[in-house]
Amino acid sequence: NFKEENKGKAKDLKKVCELNRAACLLKKKDFSEARTACDSVLKEDATNVKAIFRKAQAEFGLKNFDETMRMLKKVVEIDPQNKEARALYKDAQAEQKKVDQAAKGLFAKMCGGLGKG
């Protein structure tokens, strides 16, 4: 039985721990677990800039560039001066462009062979 005051402190402590866990997991390149840690914070606090940004970093590591950009747009909406978010957004855009180009080439080759045979 926690007092109401202690419940709030416990929630805040859990949030800090999960954010630190996410940071550690990102350094270890365990992007999937980092995303999970961020999700647990975002469940309680949907506008937590650190959690959104770290989730975006995890998505970038997982090569989910569209999701990375979506998350970073949220960060910039909340914190327009966030330079790290803007820089990662540009990186995600560049990586997504590479993926799109590779897919375009693959589909061109696939379609090029359709009329032959």
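Tutor: Before we start, one definition: a residue is buried at under 20% relative accessible area, exposed at over 50% and partly exposed in between, using a 1.4 Å probe and protein chains only. By that rule Lys-7, with a relative accessible area of 41%, is partly exposed.

Student: What kind of model is this, and how are residues numbered?

Tutor: This is a predicted model, in which local features need pLDDT of at least 70, side-chain atom pairs count only at pLDDT 80 or more, and totals for chains, interfaces and linings use all residues. Residues are numbered from 1 along each chain as its sequence is written, and side-chain values use heavy atoms, with hydrogens and water left out.

Student: Back to Lys-7, then. Which residue does the side chain of Lys-7 meet in a salt bridge?

Tutor: The partner is Glu-4, at 3.4 Å from N to O. A salt bridge here is a side-chain nitrogen of Lys or Arg within 4 Å of a carboxyl oxygen of Asp or Glu. Glu-4 counts as exposed because its relative accessibility is 62%.

Student: Where do Lys-7 and Glu-4 lie?

Tutor: Both are in helix H1, residues 4-27, and they are 3 residues apart, about one turn of the helix. Helices are DSSP runs of H or I with at least four residues, strands are runs of E with at least two, and both are numbered from the N terminus.

Student: Why do residues three or four places apart point the same way in an α-helix?

Tutor: An α-helix has 3.6 residues a turn, so residues at that spacing point the same way.

Student: How many salt bridges are there in the whole structure?

Tutor: A search of the whole structure gives 10. One of them joins Glu-95 and Lys-98, at 3.2 Å from N to O. These two residues are 3 residues apart in helix H5, so about one helical turn separates them. Glu-95 is partly exposed because its relative accessibility is 26%, while Lys-98 is exposed at 54%.

Student: Which salt bridge links distant parts of the chain?

Tutor: Lys-11 and Glu-44 form a salt bridge, with their closest N and O atoms 3.5 Å apart. Lys-11 belongs to helix H1 and Glu-44 to helix H2 (residues 31-44), and the two are 33 residues apart. Both residues are exposed.

Student: Which residues are linked in a network of salt bridges?

Tutor: Glu-18, Arg-21 and Glu-33 are linked in this way.

Student: New topic: what makes up the largest nonpolar core?

Tutor: The largest nonpolar core has 12 residues, among them Leu-19, Val-41, Phe-53, Met-71 and Leu-88. A nonpolar core is a set of buried Ala, Val, Leu, Ile, Met, Phe, Trp, Tyr and Cys residues joined through side-chain atoms within 4.5 Å.

Student: Which elements give two or more residues to this core?

Tutor: They are H2, H3, helix H4 (65-78) and H5. H3 gives the most, with 4 residues.

Student: How many residues does helix H3 have, and how far does it reach?

Tutor: Helix H3 (residues 49-61) has 13 residues and reaches 18 Å from its first C-alpha to its last, close to the expected 18 Å. The expected span is 1.5 Å times one less than the number of residues. The buried residues of H3 include Ile-52, Arg-54, Lys-55 and Glu-59.

Student: What caps the N-terminal end of H3?

Tutor: Asn-48 does, with a side-chain oxygen 3.1 Å from the backbone nitrogen of Lys-50.

Student: And what follows H3?

Tutor: H3 is followed by Lys-63, which has a positive phi of about 65° although it is not a glycine. Lys-63 sits in the loop between H3 and H4 and is exposed, with a relative accessible area of 61%.

Student: Where is Lys-29, and what is its phi?

Tutor: Lys-29 is in the loop between H1 and H2. Its phi is near 65°, a positive value in a residue other than glycine. Lys-29 counts as exposed because its relative accessibility is 60%.

Student: Last one: how far apart are Asn-20 and Ala-92?

Tutor: Asn-20 and Ala-92 are 72 residues apart in sequence and 23 Å apart in space, C-alpha to C-alpha. Asn-20 is in helix H1 and is partly exposed, at 43% relative accessibility.

Key
Polar contact = N/O pair within 3.5 Å; in protein donor to acceptor, adjacent residues only side chain to side chain.
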